[in-house]
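Keep the picture open while you read.

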Amino acid sequence: MQAGQDPKLLSPLTLAFVGDGVYELLVRRNVVEGGNMPTKKLNARKVELVRASAQAAVYDELEPMLTDREREILRRGRNAHTGSVPKNAQMADYRKATGLEALFGFLYLEGDDTRLQDLFQEAMRISQERMENDETSKER
């Protein structure tokens, strides 16, 4: 980013573009830290955590924990017109995922690594609980 460019002035889709990469890299690191396994399993776990429905669930539970400024970025990302939605995603989930990615992109570009890590850890806690609840539901 150019010196002096303010992330608050970037479009929400630009923030989401950056945040997509940031979030996926953090997820990949988290998955690898979970233990050594074949790359097929690593990728399956990563996909489970970055898919739109998973990010939408994180969005819903993370939103009340955010500052007003963070909530505004989340909403701007959610409300941005993305053009198309992947075939495996619901529109509402995809929009929330875009909002979450915009927030992560913003925090990354702002250089707020502490807040970025704190929110990512909370996102992983939310995702883990969701997956455990899904597993419990399948066992019934």
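**How the helices pack**

Start with helix α3, residues 52–62, which packs against α5 at an angle of about 65°, the two axes being 8 Å apart. Before going on, keep in mind that you're looking at a predicted model. Two packed helices are described by the angle between their axes and the distance between the axes, and you'll meet that pair of numbers again below. Which way does α3 pass α5, left-handed or right-handed? The crossing is left-handed.

Now look at who is touching whom. On the α3 side you'll find A52, S53, Q55, A56, V58, Y59, D60 and L62, and they meet D93, Y94, K96, A97, L100 and E101 of α5. Sort the residues of this contact by class and you get eight nonpolar, two polar and four charged.

Next, stay with α5, which covers residues 91–110, and bring in helix α4, residues 68–79. The axes of these two come within 7 Å and cross at roughly 130°. With that angle, α4 and α5 are therefore oblique to each other. Here α4 passes α5 in a right-handed crossing. From α4, the contact uses R69, E70, I73, L74, G77, R78 and N79; from α5, it uses R95, K96, T98, G99, L100, A102, L103, F106, L107 and E110. In this contact of α4 with α5 there are seven nonpolar, four polar and six charged residues.

Those charged residues deserve a second look. Side chains of opposite charge can pair when their charged atoms come close. How many salt bridges does a search of the whole structure find? It turns up eleven. One of the salt bridges joins E110 and R69, with their closest N and O atoms 3.2 Å apart. Because E110 lies in helix α5 and R69 in helix α4, this pair ties together parts that are 41 residues apart in sequence.

While you're at α4, check out R71, which also has its place in that helix. The side chain of R71 makes a polar contact with the side chain of D68, at 2.9 Å. If you leave aside neighbours within four places in sequence, R71 is in contact with E63, P64 and L66.

Finally, head over to another pair: helix α1, residues 12–33, and helix α2, residues 39–50. They pack at an angle of about 135°, and their axes are 10 Å apart. So α1 and α2 are oblique to each other, and α1 passes α2 in a right-handed crossing. Y23, E24, V27, R28, V31 and V32 are the α1 residues here, and they meet L42, R45, K46, L49 and V50 in α2. By class, the contact of α1 with α2 has seven nonpolar residues, no polar ones and four charged.

Definitions and conventions: Residues numbered from 1 in each chain as written. Predicted model: local features only at pLDDT ≥ 70, side-chain atom pairs only at ≥ 80, totals over all residues. Heavy atoms only, no water. Axes fitted to C-alpha atoms, helices over the stretch in contact; angles between N-to-C directions. Helix = DSSP H or I, 4+ residues; strand = E, 2+ residues; numbered from the N terminus. Parallel < 35°, antiparallel > 145°, perpendicular 65-115°, else oblique. Left-handed = near helix turned anticlockwise from the far one by under 90°. Contact = heavy atoms within 4.5 Å. Nonpolar A, V, L, I, M, F, W, Y, C, P; charged D, E, K, R; others polar. Polar contact = N/O pair within 3.5 Å; in protein donor to acceptor, adjacent residues only side chain to side chain. Salt bridge = Lys/Arg side-chain N within 4 Å of Asp/Glu carboxyl O.
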